[in-house]
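Open the structure in your viewer and keep the selection panel at hand.

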Amino acid sequence: MTGKARITLTVNGEPFEADVEPRMLAADFLRDELGLTGTHVGCEHGVCGTCTIMMNGVSARSCLMLAVQLDGAEVQTVEGLGTIRDMHRIQEAFHEHHALQCGFCTPGFLMTVCDILESLPLRTDAEIRDALSGNICRCTGYDHIVKAVRTLVDERDGAAS
Amino acid sequence: MMKPAAFEYVRPETLAEAVTALDHDDARIIAGGQSLLPMMNFRLVQPERLVDINRITELERIERTKTGLRIGALTRHANAARDPLLAEHFPIVAEAMGHVAHVAIRNRGTVAGSLCHADPSAEWPLLVTLLDGEIEILGSDGHRSAEPSEFFLAPLVTDIEEQELVTGVHLPLPAGPSGMAFEEVAQRAGDFAVVAAGAMVRVENDTFAEVRLGLGGVFDTSVRARALEGALTGQRARAEELEAALPLAIEDLEPNDDLHASADYRLSLVPVLARRALIRALHRATQ
């Protein structure tokens, strides 16, 4: 195919169909075509992690994927987590622990945490830091983010916090 | 703003379709895309045709063969890290995958992508070099395989021809019980290695039946420390023997200066990481 390609996908549970130019990045598709600007675009070459989304149950960098590669996929973005009035537990934990300041990196962190809470044991804070190492924050430092994730891991594992 | 230049997108469903799609003057294969897309976003790479092999599901398998394990080209780093067959026979793979970039990139990046990108600091080229892997290649003339020393020609340069793709890599099982270990120094978690070392040790009758040391980041490609390997084979299986052979590890290495590390610093890391890897491998081999 040389022109636009038809893709069908679900984003946050909602089905979408769109015609996209093959060179369009998944991040730009979510933001510019679907208006889901919660997925942020920082470095655009896979370094900063702020464009992280969940695709078919695992985290992915939407600046390192093409929109055409989302064909048939189930995508979750930060908009699918919660709202200000009805936050997702991960968002609540970030709120409680002051794990954000300017908020630019936060969508990427939240989506990464969605993945690692499911996929990794995260027994120690060192493991949490390693799991978060693909996401860069320039405001808070990482202590509060690690504390938020520690709380979530303890809740997951049924440990007294 | 960094966006890829326009290209034609082709998404084959079978290997035969992929080979056909590669019959083009300027086609590139995209697997996980974790190295290719940054280069396309920077427009360092501007293929006219992009052949997306992600739908060729037969390339995702890891399977036992008569003599080893075959890892499909599209195996994601994250899946390799938790694969039970690899954990049983090559636990060094999961250890090394912990050094590959970050969670999201491991979910997407592939074995063949890493091999074909051929970064001299990358983990998969080093593992395949250490483990005497055979890289399996399909082209319009059929199947062929290449040893790491034939496949990796220079930084980011491989023996892959225009109308060929890597379908997988075969790792032969060691000739007997062995110990393996992986060590790496990088500036930050997930960065490319400044230097990486992988070791494999096999002990029989209290003697080194086989010692292998692979190094990354210190030459144009991953390399084996053949002088050290040869000197240790047949020696008593003791840590002191390993220590005594360490100076041989830097023989013939030609690291480069770059913005991450000087050549001298890279050279100074080699015996440190080689020692750690070899001693842990020996310990595991004799447990």
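This is a predicted model: local features need pLDDT of at least 70, side-chain atom pairs count only at pLDDT 80 or more; totals for chains, interfaces and linings use all residues.

**Stop 1: the domains.** Select chain B and colour it by its domain assignment: residues 8-52 are domain 1, 57-172 domain 2 and 178-285 domain 3. Now keep domain 2 and domain 3 of chain B, whose C-alpha centres are 20 Å apart. To their contact, domain 2 of chain B gives 24 residues and domain 3 of chain B gives 28 residues.

**Stop 2: the buried surface.** Show the surfaces of these two domains of chain B. Between them, domain 2 and domain 3 of chain B bury about 2,000 Å², with 60% of it on carbon and sulfur atoms. Which residues of domain 2 of chain B lose the most area to domain 3 of chain B? Select Glu95(B), Leu126(B) and Leu130(B): together they make up 29% of what that side buries.

**Stop 3: the polar links.** Domain 2 and domain 3 of chain B have four salt bridges between them. The count of residue pairs in polar contact between these domains of chain B is 10, with both residues at pLDDT 80 or more.

**Stop 4: the elements behind the contact.** On the domain 2 side in chain B, select helix H5 (91-97), helix H8 (123-130) and strand S8 (152-154), each of which supplies at least two residues that touch domain 3 of chain B. H8(B) gives the largest share, six residues. Finally, colour this side of domain 2 of chain B by class: 15 residues are nonpolar, five polar and four charged.

How values were computed
Residues are numbered from 1 along each chain as its sequence is written. Chains are lettered from A and ligands numbered from 1 in the order in which they are written. Side-chain values use heavy atoms; hydrogens and water are left out. Domain bounds come from an automatic or database domain assignment. Contact means heavy atoms within 4.5 Å. Buried area is the accessible area (1.4 Å probe) that two parts lose on being put together, summed over both. A salt bridge is a side-chain nitrogen of Lys or Arg within 4 Å of a carboxyl oxygen of Asp or Glu. A polar contact is a pair of N or O atoms within 3.5 Å; within protein, one must be able to donate a hydrogen and the other to accept it, and residues adjacent in sequence count only if both atoms are side-chain atoms. Helices (H or I, at least four residues) and strands (E, at least two) are DSSP runs, numbered from the N terminus. Ala, Val, Leu, Ile, Met, Phe, Trp, Tyr, Cys and Pro count as nonpolar, Asp, Glu, Lys and Arg as charged, and the others, Gly among them, as polar.
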